[in-house]
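This report goes through one protein model, from the overall fold down to single residues. Please keep the sequence and the 3D view at hand while reading.

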Amino acid sequence: MSLSLLSRYAFLALCVLLALGSLPFLQHEWAWPVALVSGALSVVAIVDLAQTRQAVRRNYPVIGNIRYLV
């Protein structure tokens, strides 16, 4: 995998790993916000990867949305 591709999807991978890694700790109250935020960002990233109208959001999921918020 090229470095460009790795850096492009690094935040997506971090969100997915954080969401999945926090699942075993849901009995603790600190894990719920972490799981919800990282899970929501993961869902946004999957939606961004599936859409075809905006290339920035498709190529840079999650972080590409900052461009449209600013």
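The sections below cover the basis of the model, the fold, a helix pair and a few loop residues.

## Basis

This is a predicted model, in which local features need pLDDT of at least 70 and side-chain atom pairs count only at pLDDT 80 or more, while totals for chains, interfaces and linings use all residues. Residues are numbered from 1 along each chain as its sequence is written, and side-chain values use heavy atoms, with hydrogens and water left out.

## Overall fold

The protein chain has five helices and zero strands, where helices (H or I, at least four residues) and strands (E, at least two) are DSSP runs numbered from the N terminus. Along the sequence the pattern reads α-α-α-α-α. The C-alpha trace spans about 40 × 30 × 20 Å along its principal axes.

Of the 70 residues, 23% are buried; buried means under 20% relative accessible area, exposed over 50%, and partly exposed in between (1.4 Å probe, protein chains only). Among contacts (heavy atoms within 4.5 Å) with a separation of 6 or more, 33% join residues 24 or more positions apart.

## Helix 2 and helix 3

The axes of these two helices come within 8 Å and cross at roughly 140°. That makes helix 2 oblique to helix 3. Axes are lines fitted to C-alpha atoms, for helices over the stretch in contact, and angles run from 0 to 180 degrees between N-to-C directions. Angles under 35 degrees count as roughly parallel, over 145 as roughly antiparallel, 65 to 115 as roughly perpendicular and the rest as oblique.

On the helix 2 side the contact includes Phe11, Leu12 and Cys15, and on the helix 3 side it includes Ala31, Val34 and Ala35. The residues of this contact divide into twelve nonpolar, four polar and no charged. Here Ala, Val, Leu, Ile, Met, Phe, Trp, Tyr, Cys and Pro count as nonpolar, Asp, Glu, Lys and Arg as charged, and the others, Gly among them, as polar.

## Loop residues

Leu26 lies in the loop between helix 2 (10-22) and helix 3 (31-50). Leu26 is partly exposed, at 21% relative accessible area. Apart from neighbours within four places in sequence, Leu26 is in contact with Ala31, Trp32 and Ala35. Phe25 is also partly exposed, with a relative accessibility of 39%.

Val62 is in the loop between helix 4 (55-59) and helix 5 (63-69). Val62 is buried, with a relative accessible area of 10%. Its phi is near 70°, a positive value in a residue other than glycine.
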